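Thanks for sending this one over.

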Amino acid sequence: MQMQVEAERRKRATVLESEGTRESAINVAEGKKQAQILASEAEKAEQINQAAGEASAVLAKAKAKAEAIRILAAALTQHNGDRVLQTGQGLQHYP
């Protein structure tokens, strides 16, 4: 009888240890899964931020070029207008 009780106790200890090992493995796997998800989300956010920064830089350059062209066009228009007034001739006679 005592041997049966001892065998049952060992059996329960083995089952409990097995369940503990199983739970531990599940927790480790869940932790790794969560870490991969978070790393992926962080990489995605970094790529989005980098793309947004590059887009802003392209837009700023385009605006600067547009402003430079506008200023140049205004200066040329003013210069051409001054030359027409000085010579009293139309634009078709420019050298």
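1. A term to settle before anything else: a salt bridge here is a side-chain nitrogen of Lys or Arg within 4 Å of a carboxyl oxygen of Asp or Glu. Please also keep in mind that this is a predicted model, in which local features need pLDDT of at least 70 and side-chain atom pairs count only at pLDDT 80 or more, while totals for chains, interfaces and linings use all residues. Residues are numbered from 1 along each chain as its sequence is written, and side-chain values use heavy atoms, with hydrogens and water left out.

2. The overall fold is quick to describe. The protein chain has one helix and zero strands (DSSP runs, numbered from the N terminus: H or I of at least four residues for helices, E of at least two for strands). That helix, H1, covers residues 2-87.

3. How much of the chain counts as buried? Of its 95 residues, 0% do; buried means under 20% relative accessible area, exposed over 50%, and partly exposed in between, using a 1.4 Å probe and protein chains only. The accessible surface of the protein chain comes to about 8600 Å², and carbon and sulfur atoms account for 60% of that surface. These areas come from the Shrake-Rupley method with a 1.4 Å probe, and for residues only the protein chains shown count as cover.

4. Now the salt bridges: searching the whole structure turns up four. One of them joins glutamate 67 to arginine 70, with the closest N and O atoms 2.6 Å apart. The two are separated by about one helical turn, because they sit three residues apart in helix H1. Glutamate 67 is partly exposed at 36% relative accessible area, and arginine 70 also counts as partly exposed, at 48%.

5. Glutamate 6 has 33% relative accessibility, so it counts as partly exposed. There is a network here as well: salt bridges link Glu6, Arg9 and Arg10.

6. Last pair: the side chains of arginine 22 and glutamate 23 form a salt bridge at 3.5 Å, N to O. Arginine 22 counts as exposed because its relative accessibility is 53%, whereas glutamate 23, at 40%, is partly exposed.
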